[in-house]
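The structure is shown first, and the description follows.

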Amino acid sequence: MAAALVTLTRRADFLAAARARRRATPGFTLQARRRGEGEPAEAVRVGFTASKKVGNAVARNRAKRRMRALARAVLAEAGRPGWDYVLIGRAGATAELAFDRLRDDLDAAVAAVHEDRRGGPR
């Protein structure tokens, strides 16, 4: 069953994800954190960011559109309820790489952030 995706909007949530696990891929960087006590645990929350390094407003918006489509395609199934994910666009890659390649990268990145540092799944 696909989990409900909720978009992150608060800066504090983005900052908390920045201090947690991360996985870099050629097309984007994924940050992920398990929410703590007192935070909602039922939905998968996801945020998107593309800095001016990605390009002008048109390039940044294209990158964010592609990342939103990736989240709907991958995180709705592979994301875990009670976790926050942030996708960060990369210059010259997020908007240009083949979508299938980005999707494979996100599948691998989600698996990697959920893997225990000793090698087993978390």
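Predicted model: local features only at pLDDT ≥ 70, side-chain atom pairs only at ≥ 80, totals over all residues.

The crossing of α2 and α3 is right-handed. Two packed helices are described by the angle between their axes and the distance between the axes.

Which residues of α2 and α3 meet? On the α2 side they are Arg66, Ala69, Leu70, Ala71, Ala73, Val74, Leu75 and Ala78. They meet Phe99, Leu102, Arg103, Leu106, Asp107 and Val110 in α3. Sorted by kind, the residues of this contact are eleven nonpolar, three charged and no polar.

## The sheet

The model also has an open sheet of five strands with mixed pairing, in the order β1-β4-β5-β3-β2. Its edge strands are β1 (5–7) and β2 (21–24), each of which pairs on one side only. From one strand to the next, the twist averages 25 degrees.

In a regular strand the side chains alternate between the two faces of the sheet.

## How the strands pair

Do β2 and β3 run parallel or antiparallel? Strand β2 and strand β3 (residues 28–34) run antiparallel and are joined by four bridges. One example of a bridge links Ala24 with its partner Thr29 in β3.

At the other edge strand, β1, the pairing with β4 is in the parallel sense, over three bridges. Here Thr7 has Val46 in β4 as its bridge partner. Strand β4 also runs parallel to β5, and five bridges join these two strands. Gly47 stands opposite Val86 in β5.

## Helices on the sheet

Where does α2 lie relative to the strands? Helix α2, already described in its contact with α3, lies across β1, β3, β4 and β5. It runs at about 155 degrees to β4.

How much of β4 is covered? Five of the six residues of β4 are buried, so this strand is mostly covered, where buried means under 20% relative accessible area.

Methods: Residues numbered from 1 in each chain as written. Heavy atoms only, no water. Left-handed = near helix turned anticlockwise from the far one by under 90°. Contact = heavy atoms within 4.5 Å. Nonpolar A, V, L, I, M, F, W, Y, C, P; charged D, E, K, R; others polar. Pairing = 2+ DSSP bridges. Axes fitted to C-alpha atoms, helices over the stretch in contact; angles between N-to-C directions. Buried < 20%, exposed > 50% of the residue type's maximum accessible area, 1.4 Å probe, protein only.
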